Amino acid sequence: QVTLVESGGGSVQAGGALTLSCAASGIRYNHDCLGWFRQFPGTGREGVAGIYIGEREGAYVPDSVKGRFTISRSRDNAKTVVNLQINSLKSEDTAIYYCAAWIGCRAGTWDFGAYKYWGRGTQVTVAS
C-alpha cells in the first residue's frame, strides 16, 4: 500500500526558500516515480517536479518553475524521502503542495497525468 506524508510547509517571506519533504512507503525501487504538485484555490493540480526512484538518475521540472524548484530523493529506513526545494519564493507560489506517486513509471518518461496516489498536502504561503 502506498502512503505519502508531506511536511515542511508554512509561511515564508517573498525571496526566501523552503524545502518540502515527502515520506513515501510502498514505493518500489526501479519501478515507480514520485512527484510534487500544487493547487491554487479554485484550480486543478499542477505538476511541478517528478523523480524516478531507481538506479537510473532522472528528474523533471517544467520550464515554468525551472531554476527555482529542485527535486531530490533519499532513503530513510524503509521509506523513500523526496524533497522539493523552492528558492526565490514569490507570492504566486502560494498554494497547497501535494506529494504524489506514479506506480509503474519508466525511467526517462514524464507524465504528470499518470500520478494516481496522493498525500494530504501541505500549505505554503508566501508573504510579499
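Strands β3 (residues 18-25) and β8 (residues 79-86) run antiparallel and are joined by seven bridges. Strands here are DSSP runs (E, at least two residues), numbered from the N terminus, and two of them pair if DSSP finds at least two bridges between them. This is a predicted model, where local features need pLDDT of at least 70, side-chain atom pairs count only at pLDDT 80 or more, and totals for chains, interfaces and linings use all residues. Residues are numbered from 1 along each chain as its sequence is written, and side-chain values use heavy atoms, leaving out hydrogens and water.

**The sheet**
- Look along β8 and you'll find Val81, the bridge partner of Ala23.
- Four strands make up an open, antiparallel sheet, in the order β1-β3-β8-β7.
- At the edges sit β1 (3-7) and β7 (69-76), each pairing on one side only.

**The aromatic rings**
- The structure has eight aromatic pairs; rings of Phe, Tyr and Trp (its six-membered ring) pair if their centres lie within 6.5 Å, and planes under 30 degrees apart count as stacked, over 60 as edge-to-face and the rest as tilted.
- Phe37 and Phe112 have ring centres 5.3 Å apart and planes at 75°, so they're edge-to-face.
- Phe112 also pairs with Tyr115, this time tilted, with 6.2 Å centre to centre and 35° between the planes.
- Ring pairs tie Phe37, Tyr60, Tyr98, Trp102, Trp110, Phe112, Tyr115 and Trp118 into a cluster.

- Phe37 is buried at 3% relative accessibility, and Tyr115 is buried at 4%.
- Phe112 is partly exposed at 24%; buried means under 20% relative accessible area, exposed over 50%, and partly exposed in between (1.4 Å probe, protein chains only).
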